[in-house]
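Please consult the sequence and the coordinates alongside the text.

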Amino acid sequence: MRQHFPRSFDLHILREAETLEIMRHRNRARKSGLPPGTLLHIGDRKVDHAKITRTDYDPEVHECRELDGNKPLIAPAHLEKLSWIEVTGLHDVQLLQGIGDAFGIHSLMLEDIANTDQRPKIDVGDSQVFIVVKMLQLRGDIRTELDIEQVSFILGRGYLLTFQEKDGDVFDSVRQRLRQKGSRLRKHGADYLAYALLDLVVDHYFVVLEGIADQMDDLEASILGEPKPDLTTRIHHLKRTLLQMRKATWPMRDMISSLLRMESPLVSGEMTPFLHDLHDHTLQVVDAIETHRDMLSGLLEVHLSNINNQLGAVMKVLTIIATIFIPLTFVAGVYGMNFDVMPELHWKWGYPIVLLFMFGIAAGLLVYFRIKKWL
Amino acid sequence: MRQHFPRSFDLHILREAETLEIMRHRNRARKSGLPPGTLLHIGDRKVDHAKITRTDYDPEVHECRELDGNKPLIAPAHLEKLSWIEVTGLHDVQLLQGIGDAFGIHSLMLEDIANTDQRPKIDVGDSQVFIVVKMLQLRGDIRTELDIEQVSFILGRGYLLTFQEKDGDVFDSVRQRLRQKGSRLRKHGADYLAYALLDLVVDHYFVVLEGIADQMDDLEASILGEPKPDLTTRIHHLKRTLLQMRKATWPMRDMISSLLRMESPLVSGEMTPFLHDLHDHTLQVVDAIETHRDMLSGLLEVHLSNINNQLGAVMKVLTIIATIFIPLTFVAGVYGMNFDVMPELHWKWGYPIVLLFMFGIAAGLLVYFRIKKWL
Amino acid sequence: MRQHFPRSFDLHILREAETLEIMRHRNRARKSGLPPGTLLHIGDRKVDHAKITRTDYDPEVHECRELDGNKPLIAPAHLEKLSWIEVTGLHDVQLLQGIGDAFGIHSLMLEDIANTDQRPKIDVGDSQVFIVVKMLQLRGDIRTELDIEQVSFILGRGYLLTFQEKDGDVFDSVRQRLRQKGSRLRKHGADYLAYALLDLVVDHYFVVLEGIADQMDDLEASILGEPKPDLTTRIHHLKRTLLQMRKATWPMRDMISSLLRMESPLVSGEMTPFLHDLHDHTLQVVDAIETHRDMLSGLLEVHLSNINNQLGAVMKVLTIIATIFIPLTFVAGVYGMNFDVMPELHWKWGYPIVLLFMFGIAAGLLVYFRIKKWL
Amino acid sequence: MRQHFPRSFDLHILREAETLEIMRHRNRARKSGLPPGTLLHIGDRKVDHAKITRTDYDPEVHECRELDGNKPLIAPAHLEKLSWIEVTGLHDVQLLQGIGDAFGIHSLMLEDIANTDQRPKIDVGDSQVFIVVKMLQLRGDIRTELDIEQVSFILGRGYLLTFQEKDGDVFDSVRQRLRQKGSRLRKHGADYLAYALLDLVVDHYFVVLEGIADQMDDLEASILGEPKPDLTTRIHHLKRTLLQMRKATWPMRDMISSLLRMESPLVSGEMTPFLHDLHDHTLQVVDAIETHRDMLSGLLEVHLSNINNQLGAVMKVLTIIATIFIPLTFVAGVYGMNFDVMPELHWKWGYPIVLLFMFGIAAGLLVYFRIKKWL
Amino acid sequence: MRQHFPRSFDLHILREAETLEIMRHRNRARKSGLPPGTLLHIGDRKVDHAKITRTDYDPEVHECRELDGNKPLIAPAHLEKLSWIEVTGLHDVQLLQGIGDAFGIHSLMLEDIANTDQRPKIDVGDSQVFIVVKMLQLRGDIRTELDIEQVSFILGRGYLLTFQEKDGDVFDSVRQRLRQKGSRLRKHGADYLAYALLDLVVDHYFVVLEGIADQMDDLEASILGEPKPDLTTRIHHLKRTLLQMRKATWPMRDMISSLLRMESPLVSGEMTPFLHDLHDHTLQVVDAIETHRDMLSGLLEVHLSNINNQLGAVMKVLTIIATIFIPLTFVAGVYGMNFDVMPELHWKWGYPIVLLFMFGIAAGLLVYFRIKKWL
């Protein structure tokens, strides 16, 4: 299953190989019908050229270079220091296949890396641990759009491979700490590096959650202040964002539990407290999402009830106005009739009496409405 | 329990046998009262003649022929290569019984095959693994109808039996790959063939899910754009489709877990990563269904709230118009009264003053409504 | 605990015994305060006389007779063939007590048999397995009423006791098959008989479910066709029926799981596939009930939304009509005023101009409403 | 931890002890800040004087006397027969402390006895089993108020202590059966007595449930008959009662499961079927509560929908009446105008023609409404 | 990992250390990107100066002094009595780091202490048990605001460290009991002290719950008395408070279960009944929160239904008034027409007849409405 990549291997050859289909469909559905393990990128093509960045380090040395995708990669057996190999851009399936062959990655894992539609999960093999997580970021002018990117990790003996679709991630602080001589990252193994990256991913969930919480505070202020019908759409948008976030984070609970329970020589026992910490943070995220969802439902209830109360109040006052004038108009109509014999019309004080009478009706209705607490 | 099929066995004889009742009722209910294990097709008769297609293959040879249902079948003991026997059309219970006898299938399994109302499940016997799944397809002009067909698998030593109700399935790509010499399917056993078919079934769930997601996107655009009452019916239809889909896929989670955990000589250890992959995909489908259901509920909420807001807005503006004119009409009514003594009527500027007064009332009410933010 | 029934025992004696109270209250509540194990029928008295039917059979012989409740029963030790003893009518507590003594039934089991308010359950004793299930049937002119009857089974070595409240059950097909020489029932033990009866009970749940599904299809057609307020009551009725059905079937899942897991010499290993099948069917019933409940909730939503839309549509059009005429009436009112100086009244074309003006207002409002999409 | 009560111990001394605070606050909140194990009655003082009733019995002898709280209690070591010691009234904390010392009750158990706010639970100690349950009764003129009283049991070797807040319980039938020589209670140990009392408590839940079911039947009849707005309050009241009942009974499931699983020399193996029976009954109660809650929600839905339909019907008919007359009034207004030139006014048949025209409009609108099915 | 604090260590030095960043951001989000284990206070700075209070005690001696944060702390190895070290104010990260070094606290634990956004949890190390809980208090004029403060415990051999953000806690009664010679606290170890503090925290939840229950009683009285639209906001506020409370207490169930199950030499076996008691109380709190939430949902339903009923009632009566007068006004309008030929106008009794006719219409409509039960 594990076929090491020949040194003189040229990716150009692979590119011409007929058994490999180059397809960049967006929809997972189009993948249906292909044999299992077929490499096919599912997702948007977000970078022009796939990029490989390789960082070799030990406590003394730190070396970072960008590899040309067309040049041979050095297989893990040749690594002397720890290596972090970052792959950005997953549309180049030959490149992926080449890396897969060089590092002996199972074809199903490669398929999962290319397919950015995965659930967060962990697969523990004999010589590799495979982890898929979702990296979340808020984007847009007012940071209301949730950007979900899949990041895959392959942790092997002495190396860590990470795969992401596009430039721009949350890992800069790790890159910076790696450059600092004497930092903890430089002293520990690839497992600690993987942990540090996972920790950043989970930590960034809190950034996203706070962005959402800020929007919810805005929303609550608007709702309690002055109800507007279009708030429903905003609540809906937030609910949807939380739903997507839940889908991305919920399976991470189980994933990190598995990470905690697994016994692999690739992860040293010293990692346990760190992984526990990661687990706690994930639980916190999941809790917070649920609480936010409940609060959003509560907000929606308040909002709908407010809209309804507002409409009810408008209708009530308007109907009261109408109701008061309807009997008065009737009275005016009566004395507008043209009967020959209508004695009131000829009374000297008829007109003022009728006006007073009308005023009395209006006042009586108002008093009645007030007693009934309808006003 | 396992009685092998005599070579000279003639299905005509079986057809005359009195112990076998030929009933093709649609309703499962009519089955009630029959002894357990009675063969009775439950479902629609969707093909005219039951059809048996037999594919024998090994890495070198590939042979596919259609068997005449009336000719003797060759029992599994006579198989030298791997055989995939596809049975299409389940209404012919004698045929089923014949196959059952030839391959030593337990009567309860045969009953479950004929009864297309089954829950997805797995039964592990000593020499056979029995799997029932649901194959989903969208049909109709705009692909909104969910077509659910039951597919049963019997995996034995060296052979795989599949049973489906009608022509037209999602297995064409496997048939094509089987014909390619050197494909992985040709090199592996019947367990890999079964896996490949199951994988296609699950993969096609994603096709269905994307069809549903497309409809939901349409729906959301309509709802956020311009609310129409009949959208409720469309939401209801989608909800129902998701409900059916959930019913068909939910038990597959447990089924594939069992498949993973079972220890059967019929499934080689090499299958484990593939089955894990299948399990992951099933979880993804189940997750996606739940997320879609939640989103649909959210859409319904938004839709109902929109409809309500729209009605409220209409009512409010209309009531405001009415309210403004009611006091004016009253005033006109007053000066239409026929009292002898109504001094205002004889004033030179009475008419313009009253008109101005009316205009003042209308303007005042409009200002009041605007201050109250009812306009 | 197990006191065998003396041969010369006369039930008359038991009937005079003072320690046994004859009470036939309907309400379980009245039972409160009696010592545990007190025999007291809870339920309606549905037959005039309790009836005992005894069927003795082996592969060769089949003998069925109705026992006179006053004659001594033959205790299980004396049975040579397999015996199925059916007791119909539970109000006769002495009879129950007599049977209980004859077969050594624990007093709490007897109490559960008489109390038709039980949850489905299984109790595995050393020499007896006690099973309580609910038999469901639809009755009424249009088969909309759910009839729930408790059936209790006591499976012992060589005999099966069944207890039901009234005549009329779903077991006729078993009785018929028992009479057929050579049928599987005749060849197997009492455990197979118990299974066959349980299977009929569960199979009949599908009949009930299809009756409910038919009613739901009717309902859906009505709702999508033309909303009528009284459909709410029908939905409520169906919901209630499903609730009762769920209450009756939900505990059967656990019950049949226990049956599967239990190890009792009374149930042979050959039964396992049959019990698995029964378990699958029960899961299917429970699934279907939940799906039906969800669909019913969806129907209710659609229905309420339809009713609301319909009312909204009515109100909107009516209000529009009113709104158009209110300004017109105001204009007519103005020219009905009796001011001395109203120059328009004396214009030659005053009247037609005003009519045209009114027509213009009405047309303008209609156009405005149409632009605003309120019409 | 277990300090036996000296024979000559005088409760008066204890009463003067300064370390014991006599506080009878109602609120549990006030207890916050006291050391754990502080005896403090939380609940209403429902009897004037705490009362101790002691019943000693064996198969031959039955002796029941009321102990003077000020006289020394006899410690369990001195008991020769089985003793049931009933304590009524928990406000007298010295008395409780005295009993606690005499029987070696852990201070936390004593605290739980005095604090009537406990969850039902079981604590199994070396020489004592401590059980807390809730005794439910319906009170009020129409038996709609739920009365929840905490009853605590301490089962020791040869004695059973029960603690309740006030007179009036559901245990009279046990007291009566204890007096009957030869009854099963007299022959069994204290564990059977405890079971018999627990059974009565659980049995009485059914009485309460039937009271609630009766109210629900009333409610349903009212709702389906004629909707009145105040039914909402009644539904709310019932919901609340069920919520309280659920809170009281839900933890009993786990409690009785623990009772079943525990292995204590204080409970003989013969009790197992009885405890199983108790467990079944508790499950039944919990099931029934959930079903009742679901039915109540269904009723509320029907009720709200009815109220809404009724209001909608009223509004619709009234609006229709208004709509018919508004155009007519407009026409009348037109011919009430005072233009000099209005030829119709001078036609001979003008008046009847207009009346006919009006009638035509009204009839046309009615026909239109009927066609549109708004009437 | 455990580096003991040098005696001559000066915190001033630490304060100048460049590796430690002093940041007092409120948002957890800003922490994202820092290496794991970075000390950074997340929360509000609530005290001006961090304060350390140290209480040394044994059964004989009790000594309490406030430590100057700049003076060296005495490391645990030097403790002879039991020490309770309270740290108030978490913004001073150097101080925290100093304590962490002195007591050998893992950097991740220190991070969790400083980050007041934690979930309640327990971490059991070899020589320390780390517990995080939430202390809840109601504040505000009418005690409606929930104040959540994180309290962390570190239980070591012979010492207990507690960390809180600000002055004012629920621990005064423990401080007082510690001063009393002979109290149980003085006789037991640090584990009992930790338990006593946890018990106070949980006990105070009941105080909060009763505050909430009081508000709910108020609310219910208002709702059942007289519905006002603004009650929705109050219900929303209470729901939110319960949601926060649930988030704070829910994880404590698992936390205290872990505490019960863990086997640590730091917690003596004598603690078991006390911890069980704590567990029971936590379950009670969680139950009560759920029940309160359900009751609140019920109240909201009743409230919305009341508001709706009230509005419906108002609209109905008003519309009825309007409807009665509309036909009357029409009649008046008819006799206000100016046709030359209108014989009724010239009848002697025309006017009174029309008035009577109008009265008849009004009475008829009223009677009709009453028959239809709309009044």
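Arg175(D) is buried, with a relative accessible area of 18%; here buried means under 20% relative accessible area, exposed means over 50%, and partly exposed covers the range in between, computed with a 1.4 Å probe on protein chains only. The side chain of Arg175(D) meets that of Asp172(D) in a salt bridge with an N to O distance of 2.7 Å. A salt bridge is defined as a side-chain nitrogen of Lys or Arg within 4 Å of a carboxyl oxygen of Asp or Glu. Both residues belong to helix α4 (residues 172–179) of chain D, where they stand three residues apart, about one turn of the helix. Helices (H or I, at least four residues) and strands (E, at least two) are DSSP runs numbered from the N terminus.

The model is predicted, so that local features need pLDDT of at least 70 and side-chain atom pairs count only at pLDDT 80 or more, whereas totals for chains, interfaces and linings use all residues. Residues are numbered from 1 along each chain as its sequence is written, chains are lettered from A and ligands numbered from 1 in the order in which they are written, and side-chain values use heavy atoms, with hydrogens and water left out.

A salt bridge of another kind occurs in chain E, where the side chains of Lys181(E) and Glu60(E) meet at 3.4 Å, N to O. This pair links distant parts of the chain, 121 residues apart: Lys181(E) is in the loop between α4 (172–179) and α5 (184–187) of chain E, and Glu60(E) is in the loop between β1 (51–57) and β2 (62–67) of chain E. Lys181(E) and Glu60(E) are both exposed. In chain A, salt bridges that share partners join Arg54(A), Asp56(A), Glu63(A), Arg65(A) and Lys81(A) into one network. Over all chains, the count by this rule comes to 105 salt bridges.

Some of these pairs cross between chains. The side chains of Arg293(A) and Asp294(B) meet in a salt bridge at 3.7 Å, N to O. Because Arg293(A) lies in helix α8 (residues 272–334) of chain A and Asp294(B) in helix α8 (residues 272–334) of chain B, the pair joins two chains. Arg293(A) is partly exposed, with a relative accessible area of 21%, and Asp294(B) is partly exposed at 28%.

Chain A may next be considered as a whole. It contains nine helices and seven strands, and buried residues make up 59% of its 375 residues. Contact is taken to mean heavy atoms within 4.5 Å. Among contacts in chain A between residues at least 6 apart in sequence, 69% join residues at least 24 apart. Thr241(A), in helix α7 (residues 231–261) of chain A, is buried with a relative accessible area of 3%. Not counting residues up to four places away in sequence, Thr241(A) touches Thr144(A), Leu146(A) and Ile212(A).

What share of the accessible surface of chain A belongs to carbon and sulfur atoms? The share is 53% of about 15,700 Å², with accessible areas taken from the Shrake-Rupley method with a 1.4 Å probe and, for residues, only the protein chains shown counting as cover. Trp347(A), Trp349(A) and Ile353(A) make a nonpolar surface patch of about 380 Å². Patches consist of residues with over 30% relative accessible area and no salt bridge, like charges being joined within 9 Å and nonpolar side chains (Val, Leu, Ile, Met, Phe, Trp, Tyr) within 5 Å. Ile353(A), found in helix α9 (residues 350–371) of chain A, is partly exposed, with a relative accessible area of 44%.

The contact between chain C and chain D takes 59 residues from each of the two chains. About 5,100 Å² is buried between them, 62% of it given by carbon and sulfur atoms; buried area is the accessible area (1.4 Å probe) that two parts lose on being put together, summed over both. Six salt bridges are found across the interface of chain C and chain D. The side chains of Arg240(C) and Glu220(D) meet in a salt bridge at 2.2 Å, N to O. Only 14% of the interface residues of chain C are also interface residues in chain D, so the copies meet through different surfaces.

Finally, chain C can be laid on chain B with an RMSD of 0.1 Å by a turn of 72° and a shift of 0.0 Å along the axis. The two copies are thus related as by a five-fold rotation axis. Such copies are superposed by least squares on the C-alpha atoms of residues with pLDDT of at least 70 in both. Of the residues of chain C, Gly336(C) comes closest to the rotation axis, with its C-alpha at 4.8 Å.
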